[in-house]
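Biologist: I have a chain to look at and some labels to check. Can we go through them one at a time?

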Amino acid sequence: MIEELLGFARLDAGKLQPNITNADLAQILDRAREEIFPLAQQKNITLAQIEGPETLMIQADAEQIRRIAINILDNAIKYTPKNGLVSVSLKQTKENAIIQVTDTGIGISENDQAHIFDKFYRTNQADVQNERGTGLGLAIVKGITEAHGGTVVVNSQVGRGTLFQVTLPRNR
């Protein structure tokens, strides 16, 4: 939680400058998946193997992109009931790399979808209020994504699950 607050403070102050290098997005996602896997096991959630290319080179700050993946995967696992499924796919176009995280979780209402990227925003859904969190994770995801020239969108239905899509330019 402290790491999240400090990271957001740097981002909010404009002091979180990406250290752009050639980075393998597939490898970054694999590391994030391995890191978050124990949380999925605790809830008996299937965290599917990443679908997509084995290598996808982009110009980005690998640590910041890992933070995006961890935040989205952590939310997917937190808000997916036991025995659910979280999957990650990686796609590419000539210009972009696209990360999609899909879950079979509780979903997000249309009203909440309009605010989930706002700092300190947490929905009033009872299932959400029982979980730990600062309301900063998705604000951090949006800030890092935009600092890399990318976009993040959500598509969700209450009771049916959620899809987060992060689109990053492959070359800067």
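Biologist: What pattern does the chain follow, read along the sequence?

Modeller: The model is predicted. Along the sequence, the pattern is α-β-α-β-β-α-β-β-α-α-α-β-β. That comes to six helices and seven strands.

Biologist: Which strands form the open sheet, and in what order?

Modeller: The order is β2-β4-β5-β7-β6, five strands in all. The pairing is mixed.

Biologist: What makes β2 and β6 edge strands?

Modeller: Count partners. β2 and β6 (151-157) each have a single partner strand, so one side of each is left without a neighbour in the sheet.

Biologist: How do you know that β5 and β7 are paired?

Modeller: Pairing needs at least two bridges. Eight bridges join β5 (residues 96-103) to β7 (residues 161-169). Eight meets the cut-off of at least two, so the strands pair. They run antiparallel. Within this pair, Thr102 stands opposite Leu163 in β7.

Biologist: Now the helices. What describes the packing of α2 and α3?

Modeller: Two packed helices are described by the angle between their axes and the distance between the axes. For α2 and α3, the axes come within 9 Å and cross at roughly 35°. The crossing is right-handed.

Biologist: Which residues meet there?

Modeller: From α2, they include Leu25, Ile28, Leu29 and Ile36. From α3, they include Ile65, Ala69, Ile70 and Leu73. The residues of this contact divide into 13 nonpolar, no polar and five charged. Among the charged ones are Arg31 and Glu35 in α2, and Asp74 in α3.

Biologist: Why is Asn83 called exposed?

Modeller: Exposed means over 50% relative accessible area. Asn83 has 57% relative accessibility, so the label holds. Asn83 sits in the loop between α3 (62-78) and β4 (85-92).

Biologist: What share of the chain counts as buried?

Modeller: Of the 172 residues, 48% count as buried. For that label, a residue must be under 20% relative accessible area. The chain exposes about 9,000 Å², and carbon and sulfur atoms supply 48% of that area.

Notes:
Residues numbered from 1 in each chain as written. Predicted model: local features only at pLDDT ≥ 70, side-chain atom pairs only at ≥ 80, totals over all residues. Heavy atoms only, no water. Helix = DSSP H or I, 4+ residues; strand = E, 2+ residues; numbered from the N terminus. Buried < 20%, exposed > 50% of the residue type's maximum accessible area, 1.4 Å probe, protein only. Areas by Shrake-Rupley, 256 points an atom, 1.4 Å probe, with all protein chains shown as cover. Axes fitted to C-alpha atoms, helices over the stretch in contact; angles between N-to-C directions. Left-handed = near helix turned anticlockwise from the far one by under 90°. Contact = heavy atoms within 4.5 Å.
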